[in-house]
Amino acid sequence: MRLTRRDAVRLLAAAGGSLPLLALPGVAFGDDETAEKPQPEPKTEPKREPTRVDRALDWLVRHQDPSGTWSDAEFTTRCEGQACTATHERSPVETTASTLLLFLACGETHQSKTYGDTVKNGLRSLFNHGSKDGRFGDLAGRAGLREHIEGALAVIEAYGLTGSRLFKARGQNAARWLVSRQRDSGAWGVDGDDARLTGQAALVLRVTGQADLEVSAEAVERTYTWLAGQADAKTGRVADDDSATALALLARVWLSDVATARKDPLVAKAAAHLAERDIKKLGSGTITHATWALHQAGSDDAWGAWLKQLVALAGKRQVAGETACARGSISPRPGEGRVTATVHTARALATVWTYRRVFGDR
Ligand SMILES: [Zn+2]
């Protein structure tokens with residue numbers, strides 16, 4: 001049975017968003033042909049308990065600036081009653097793009113009934129920080145590349161989901177701008193090759209192809225070759241960094257042929273290393289990347305154990321209750337903002353319906 005992403009969201013919601021989602025077949029990005037025409041919700045749909053992801057979306061809607069921006073530094077201006085805690089300095093362009101990616105992963109687009117205006121305003125804010133040459137963001141250096149990568153992912157996903165001509169040129173230009181910044185080595189970076197940034201750039205190349213936008217085969221090949229060459233010959237780890245290791249694993253699966261990656265002992269070793277990490281000690285961005293990597297390339301046992309850790313973590317960190325302003329948000333570790341922690345944790349939880357699982361028995 002082939003499910004659209006919308007079907008998957010419904011099914012997951014019916015399952016309460018907890019462990020039964022293990023049985024849910026994943027859906028590949030770009031498969032959802034029905035997404036172009038939003039289906040009206042049947043009027044008689046039974047009431048259901050909101051999932052953890054629903055509660056996170058609700059908190060994010062309540063803490064979006066009227067300009068459409070989400071900001072870790074300034075979200076408390078939206079608080080009602082006792083203000084939420086955990087502000088943090090982080091690029092609002094990157095944070096807005098990450099938040100849009102969560103809504104899009106949940107099948108929510110600018111055309112949706114429930115969160116259409118939220119997504120529309122978020123995209124408008126992102127476009128206000130885009131320049132004519134296709135670049136998103138204003139910051140210099142590494143933070144600037146991160147802003148652009150996240151912005152590019154958001155607009156390309158929005159195009160892939162809706163096919164709307166509002167996003168086609170912006171998505172194409174954003175991908176081109178990124179490729180124009182690829183270094184001679186095949187990597188991305190500011191003062192040198194940067195494994196984590198290169199892994200994130202690989203995600204952009206992947207979704208660009210999936211959305212049927214043009215992407216240079218040579219750029220893909222050079223990215224793949226550079227990342228594959230970074231894996232430690234004993235452990236499979238990349239740059240001694242869990243996020244870079246996870247992203248390089250994804251590139252192995254997504255930018256090349258799966259059969260070769262499946263047989264490669266270094267891929268298996270890197271996946272086993274990630275699966276053994278204590279999720280409580282990882283930053284929320286790393287949790288998302290590790291979740292994607294294990295969902296794609298972990299053994300069934302490793303993925304199942306990881307998902308259990310993730311669900312337990314979300315259960316512990318999500319603010320409960322019906323009245324606190326922070327309800328539905330995910331409390332971050334020190335050094336991280338509440339918006340970022342909420343978005344990344346919810347994106348990790350939404351992984352199952354965002355991407356098709358490639359390895360394993362399914
Ligand atoms: Zn608040």
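Mentor: Helices here are DSSP runs of H or I with at least four residues, strands are runs of E with at least two, and both are numbered from the N terminus. This is a predicted model, where local features need pLDDT of at least 70 and side-chain atom pairs count only at pLDDT 80 or more, while totals for chains, interfaces and linings use all residues. Residues are numbered from 1 along each chain as its sequence is written.

Trainee: Good. How many helices and strands does the protein chain have?

Mentor: There are 15 helices and 0 strands in the protein chain.

Trainee: And what percentage of the residues count as buried?

Mentor: 50% of the 362 residues in the protein chain do. Buried means 20 or more other C-beta atoms within 10 Å of the residue's own, exposed means 12 or fewer, and partly exposed is in between, with C-beta atoms placed from the backbone.

Trainee: Let's look at helices. Is α12 largely enclosed or open?

Mentor: Helix α12 covers residues 284-297. It is largely enclosed by the rest of the structure, because 14 of its 14 residues are buried. Its end C-alpha atoms are 20 Å apart, which agrees with the 20 Å that its 14 residues should span at 1.5 Å a residue. That expected span is 1.5 Å times one less than the number of residues.

Trainee: What about α9?

Mentor: In α9, 13 of the 13 residues are buried, so the rest of the structure largely encloses that helix too.

Trainee: At what angle does α9 pack with α8?

Mentor: About 130°, for α8 (residues 217-229) and α9 (residues 242-254), with the axes 9 Å apart. The two helices are therefore oblique to each other: under 35 degrees would be roughly parallel, over 145 roughly antiparallel, 65 to 115 roughly perpendicular, and the rest is oblique.

Trainee: Which residues meet there?

Mentor: From α8, T223, Y224, L227 and A228 meet A248, A251 and R252 of α9. The residues of this contact divide into 5 nonpolar, 1 polar and 1 charged.

Trainee: Changing topic, what is going on with phi at D212?

Mentor: D212 is not a glycine, yet its phi is positive, near 65°. The residue comes just after α7, in the loop between α7 and α8. D212 counts as exposed because it has 12 C-beta neighbours inside 10 Å.

Trainee: And α7 itself, how many of its residues are buried?

Mentor: 14 of the 16 residues of α7 are buried, so that helix is largely enclosed by the rest of the structure.

Trainee: Which value does phi take at A86?

Mentor: About 75°, a positive phi although A86 is not a glycine. A86 sits in the loop between α2 and α3 and is buried, with 22 other C-beta atoms within 10 Å.

Trainee: Then there's A83. What does A83 touch?

Mentor: Leaving out residues up to four places away in sequence, A83 touches T76 and C325. C325 is 242 residues from A83 along the chain, with their C-alpha atoms 6.6 Å apart. A83 also lies in the loop between α2 (52-62) and α3 (92-105), and is partly exposed, with 13 other C-beta atoms within 10 Å.

Methods:
Axes are lines fitted to C-alpha atoms, for helices over the stretch in contact, and angles run from 0 to 180 degrees between N-to-C directions. Two residues are in contact if their C-beta atoms, placed from the backbone, lie within 7 Å. Ala, Val, Leu, Ile, Met, Phe, Trp, Tyr, Cys and Pro count as nonpolar, Asp, Glu, Lys and Arg as charged, and the others, Gly among them, as polar.
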